[in-house]
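Please read them with the coordinates open.

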Amino acid sequence: MMSQSPLTHFDAAGQAHMVDVGAKPATARVAVAAGTIRMQPATLGLIRDGSAKKGDVLGIARIAAIMAAKKTSDLIPLCHPIPLTHVACDFTLDDEAGAVHCTVRAETVGGTGVEMEALTAVNVALLTIYDMCKAADRGMAMTDVRLMEKKGGKSGTWRAEG
C-alpha cells in the first residue's frame, strides 16, 4: 500500500485527480499574490507618462489580471472553477529598482481557496505589461511572483515571510 502523499492532487495510487471539496464548508477566503517586472528606466517612463504606443499599460494590465483570475480553472488543469466575489489589482512604480510591482487580492466564499486565481492574475498582469512594452524593451524580466497571504478554510491564515 502506498503512503498518503502530502500533494493533494494525487490519489493513493499516485494518479492525478481533482480534489473533492464537496463536503467542505463554504467560508470566506482571501489570497494576495505579488510579482515584479523589471525594465529599463526609459520603459518605466513610458508607463508612468502614459505614452506607450499601445495605450494605458497599467489600465489594460489591471483588466487582464481580473480576466485571468476569472479564467484560472480554464488554464490550470486541476483547479476548481470558483465564484469570485472580488478581485483587485494594484501597481506600484519603483524608479529605484526600474520596476513595476503588481499585487492582486482575490476573494470568494466557497469550499476551496483562491491562491491560484491571485497568482494567475499577477502573472497575466506582468505578461500584459511585457506585451504592451516589448517594442521598447525586450529585456524586461518578470520576477518574484509568489503568494503573500491566504486567509480562510481549514488551514486558516498564512503569510509569507520577508
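1. Asp 144 is exposed, because its relative accessible area of 51% is over the 50% cut-off. This is a predicted model, and the points below should be read accordingly.

2. Asp 144 belongs to strand S4, which covers residues 141–151. The phi angle of Asp 144 is near 55 degrees, a positive value in a residue other than glycine. Most residues other than glycine have a negative phi.

3. Strand S3 (residues 99–110) pairs with S1 (residues 27–38) in the antiparallel sense, over 12 bridges. Within this pairing, Glu 107 in S3 is the bridge partner of Val 30.

4. S3 is also joined to strand S2 (residues 84–94), again antiparallel, by 10 bridges. Here Thr 108 in S3 stands opposite Leu 84.

5. Which residues does Arg 48 contact, leaving aside its neighbours within four places in sequence? They are Leu 93 and Asp 95. Arg 48 itself is found in helix H1, residues 41–49. The C-alpha atom of Arg 48 is separated by 9.9 Å from that of Val 100, and the two residues are 52 apart along the chain.

6. Is Arg 48 buried, partly exposed or exposed? Arg 48 has a relative accessible area of 41%, which lies between the 20% and 50% cut-offs, so Arg 48 is partly exposed.

Key: Residues are numbered from 1 along each chain as its sequence is written. This is a predicted model: local features need pLDDT of at least 70, side-chain atom pairs count only at pLDDT 80 or more; totals for chains, interfaces and linings use all residues. Side-chain values use heavy atoms; hydrogens and water are left out. Helices (H or I, at least four residues) and strands (E, at least two) are DSSP runs, numbered from the N terminus. Buried means under 20% relative accessible area, exposed over 50%, partly exposed in between (1.4 Å probe, protein chains only). Contact means heavy atoms within 4.5 Å. Two strands pair if DSSP finds at least two bridges between them.
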